Structures are given as C-alpha cells and as structure tokens.
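Please look through the structure below before reading my notes, which take up a few residues in turn.

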Amino acid sequence: MTDNPMSPAEPGPSAVPEGVRVASEWSWRLLLIAGAVFALALGLRSISEIVVPIAVAVLMAALLAPVAGRLRRRLPAGAAAGITLASTIIIVGGLLTVVGTQFKSGLADLTSQVAAGLGQVRDWVRDTFHITDSQFNQYFEDFKNKVGNSGNLGDTAASVGLTATHFVAGLFIALFALFFFLYEGRTIWAWIVRLFPRAARDKVDSSGLIAWDQLSAFVRATMIVAFVDAVGISLGAAILKVPFAFAIGVLVFLGAFIPIVGALLSGVVAVLLALVSHGPGVALIMLAVVIGVQQLESHVLQPFLLGKAVDVHPLAVILAIAAGSIIAGIVGALVAVPFAAVSNAVGKHLLSGESEAELEGELEENAEEGGEPARV
C-alpha cells in the first residue's frame, strides 16, 4: 500500500527548545502576577490613611482577642469588647502620664544640670577634635543657619498640621475598628468569606484561621521582645543613675512596637539624658548599653523568638524587616514580619491539603481561646 500524498504531514520538531518554552510560559504568568500586586499596592497606597489604621487595629485585635474572649464568657460581647478597649486606653494613657509626671517633677533638677552637662560636652569636643572655641561657635552658627534655611516655615507648619490631622483621624479609625473587630470579628469575617465563590469559601475560611493564629503568635512574641528591651535599657539607666530610668523603660517598651524608629528615638532619649546629667563619659556607656540591648533584640530575640513563634526562618525575618523598611518605611517594617508569616503559613496550608477533621480540630482549639475567624 502506497502512502496517501494528501495525508497531513507529521509535525516536525519544535523550533523553540522545551526549556525556553516553559520559561516563557512562567514569565508571562509571573509578569501578570507582579502587575496585579503592583496595582494592588498602588491602590492601597492611595488610601493609606485608612489602610494603616485598619492594619494597626488588626494587630491590636490579635493581641487583645484572648482577653475579650475570656470576658465574653461572663459578659455580653459588646461589654467585653468595650471593657477591653477602655482598659487598653487607660493602661497606655497611664504609662504616658507616668512618663510625663516624672519628667515634669524632675525637670527643674535636670535644667540645672544642663548647663554643666553642655559645658562638659563642649570641653570634650574641643579636646577630642582639637577645635577652638571660635571654631566651635562658627560650626554651631553654620548649623543653625542651615537648619533655619532648609525650608519654608509656613510650608513646614502646614505639613506638620496636616500630619497631626491625619494622625488624629487615623487614631479614631483604629480605635473604632478595633472595637468592632473585638465585638463582631466573627461576623465581619463571615461576611468577607461570603464575598468569595461558594466552592472556595472553605479554603478561604481555613486560611483566615491560619493567618489569625500567626498574627496572634507574632504580637505575643513582640510583647516579650518589647519587655526585654525596656527592662535592659531601664536597668542600665538605673545603674548609671540616669534621671527618669522608669520613664525611659516605658518609652522603650512603647517604642518597640514601632520598628526601627521607635527603638532609635527611645535610645536617643536615654543617651541625651545621660549626656546632660553626667557628661560624655556616662553618655557613651549608656549608648553602649542601648546598642547592646538592640543588638540582642536584632540578632537573637527577633530572629529566633519571632521566627519560632511565626514559623519563619530567622534569615527570612531579617530580610522581611529590611525589605519592609525600604519599601514602606515604618509601616512597612511594622507589617513585614506578620505579612511574611501569614503568607508562609497560608501557602503551606493551601498546598498541604489538610483534611476536614484536622481543620475542625484547629477550629475547636482556637474556639477555646476566643479569637478565631468564623466558620461559614
């Protein structure tokens, strides 16, 4: 039998190598994903005045949900949420009041030490860098002129006023959202889950549970890190007899919840108080104490404690904090580690194919703590 000349020709080998074809298919998919993520980031950035307070409220809700859950066993849900929120405001306000009271009561004594402290600083700078008094005065005047001419005073004042307005508005949004997250968090989550197609709701709901567990672990570990920082720096200040040691500890504790900038500012306050009260020598020792505690936090506590709590490798914790700081500053550093932890845990959960019985067991375990997303 002869071959039919009209039969279709056998397909020849593809001119595109298999590896190149696979890489191209991955590339356009990754470009689409990157474009979607970029568009989402731009959208969130345009409404950052709302997104940032909501993110802060979610983190606070993860911290306070167990407290509200225990109160809910004896009180109505609204009363439990209100008492939890009011207690938090009172505690934070009380700590800030103690700080202000200490500074106010000791300000007179501190003021009398400022002149002597500044004289010691001037002598130390002059002897160390071999600068004469006239050169020191000239450098100081040049510095003042540059600061004074660095921008328009009216624009600066308007910017500060705008920032203060945003801060107050964001504070009220965060407190308002926090109350409802504690009061009707399960209902809100159930509404969000129902926005998804019915076939995907179980996975969305279980992913929310995993994400909530990771957030709770993160905020608990952050509390421990903040407490260690506060004890270490305030204890060093007390040993060196730096004024307002307790107030320094409170500031360090509160500042630890604002990555990078919070620790920097609270450490600067401790060093400046040591400088004006005891001179450059004690200030350098106080600086060494602050740096030592922060190094302990950065290289031991945060990577290993936070990494263990949120099931993320210590290197990933460090890289996440660095990347978040570069991309979005303070807010990026604040949400970088919980975002990495949530993404890692949810990704593992979606790829692991947990059984329904295992998910139900997790739900029952979290129900005892009173802070889980609602099962829909």
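1. In which helix is the place of Y183? Y183 sits in helix α5, which covers residues 153–194, where helices are DSSP runs of H or I with at least four residues, numbered from the N terminus. This is a predicted model, in which local features need pLDDT of at least 70 and side-chain atom pairs count only at pLDDT 80 or more, while totals for chains, interfaces and linings use all residues. Residues are numbered from 1 along each chain as its sequence is written, and side-chain values use heavy atoms, with hydrogens and water left out.

2. Y183 is partly exposed because its relative accessible area is 33% (buried means under 20%, exposed over 50%, and partly exposed in between, with a 1.4 Å probe and protein chains only). Leaving aside residues up to four places away in sequence, Y183 touches A77, G78 and A81, a contact meaning heavy atoms within 4.5 Å. The C-alpha atoms of Y183 and R72 are separated by 9.4 Å, although these residues are 111 residues apart along the chain.

3. I33, which belongs to helix α1 (residues 18–46), counts as exposed because its relative accessibility is 51%.

4. K241 lies in the loop between α6 (201–239) and α7 (245–255), and with a relative accessible area of 67% K241 is exposed. The phi of K241 is near 60 degrees, a positive value in a residue other than glycine. Most residues other than glycine have a negative phi.

Key. Helices (H or I, at least four residues) and strands (E, at least two) are DSSP runs, numbered from the N terminus.
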